[in-house]
Amino acid sequence: MSAQLFRNSGELREMLARVRRMGASVGLAPTMGALHEGHGRLIDAARRETDCVVVSVFVNPIQFDRPEDLERYPRNLDADVRFSGDRGADIVFAPTPDEMYPEPQRAFVDVERVSEGLCGSFRPGHFRGVATVVLKLLNIVQPDRAYFGEKDAQQLAVVQRMVRDLNLSVEIVPVATARESDGLALSSRNKHLGIEERKVAPILFQALLVAQKLIASGTANPAEVQGAALAVLEQQPLARVEYLEIVDPGDMQPVERIAGPVRVAAAVWLGSTRLIDNMLCEPGPPETAGLIQ
Ligand code: AMP
């Protein structure tokens, strides 16, 4: 199957208006291209749940805090259109930067608190750029449902909060993280890893597993969990930890005690490549050892 490519938002709007008039529902998977199995899972979910699946491919300049990162971001539209079609998407919307930003952008979306901390502390303006482009894409496509990966958990939380606070009529659907067999979360940035870096990259997943196990066994002190996960990462001299935090999955702020579901979220540099990953962790039943039942 092949997907139809649109580069112009007016033409896309016209097409989707026709689709909606026929009573069909629309699903959107927003991406920055260089599509891989992780994106494929978003398309699969959209395919299952909606009639017309749109994949957007746009490397959004206003969310990059480092110009060299924007410049070296992988781009291959032909392959992305093929991938999307093979996976069952109907439409690829790949606007140019001029199409999305014909004039200097003056209106932005700031999702307070949720955007602060974690990646927000290290990438100034990043989530403002993300929330703004996601709102623009939602307004252009007007999907019934939009699909976001849990891999980028803070992004997901920012978008969910934007949708609630601004009364948008779209359902945000989280999609589980797709991983390599050794646990490394799939990412377009993995291509930049050198051979040695690629070999050690699963250390991030292993650190998250250690945290998950401690939390499941009833450890309620986040500092203890953080210390154990950091100890795993510190064994690897190639890895430089940017952050590793235990946060509330809603507002993404550090918790003082682990009493319910939390996200353990981390960013690690391997050479010049920044990897992020996270895991939703649930405390197990409270320790009953020694208690008279
Ligand atoms: P990106 O193209 O990296 O901006 O990602 C576009 C969407 O795909 C975002 O919602 C990501 O969270 C999601 N995504 C990227 N990698 C993965 C993955 N390994 N598993 C699940 N979703 C992913």
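In this predicted model, helix 1 (residues 9-21) packs against helix 7 (residues 126-141). Their axes lie 8 Å apart and meet at an angle of about 50 degrees. That angle makes helix 1 oblique to helix 7. Two packed helices are described by the angle between their axes and the distance between the axes.

Which residues of helix 1 and helix 7 make the contact? Helix 1 brings Ser9, Leu12, Arg13, Leu16 and Arg20. Helix 7 brings Asn139, Ile140 and Val141. Sorted by class, this contact holds four nonpolar, two polar and two charged residues.

Six strands build an open sheet, and their order is 1-4-3-2-5-6. The pairing is parallel. Strand 1 (4-6) and strand 6 (171-175) are at the edges. Each has a single partner strand, so one side of each has no neighbour in the sheet. On average, neighbouring strands are turned by 25 degrees against each other, direction ignored.

Strand 2 (residues 26-31) and strand 3 (residues 52-57) run parallel and are joined by six bridges. Thr31 has Val57 in strand 3 as its bridge partner.

The table gives two of them.

| Helix | Strands touched | Angle between directions |
|---|---|---|
| Helix 1 | strand 1, strand 2, strand 3 and strand 4 (91-93) | about 150 degrees with strand 4 |
| Helix 4 (residues 77-86) | strand 1, strand 3 and strand 4 | about 160 degrees with strand 3 |

Notes:
Residues numbered from 1 in each chain as written. Predicted model: local features only at pLDDT ≥ 70, side-chain atom pairs only at ≥ 80, totals over all residues. Heavy atoms only, no water. Axes fitted to C-alpha atoms, helices over the stretch in contact; angles between N-to-C directions. Helix = DSSP H or I, 4+ residues; strand = E, 2+ residues; numbered from the N terminus. Parallel < 35°, antiparallel > 145°, perpendicular 65-115°, else oblique. Contact = heavy atoms within 4.5 Å. Nonpolar A, V, L, I, M, F, W, Y, C, P; charged D, E, K, R; others polar. Pairing = 2+ DSSP bridges.
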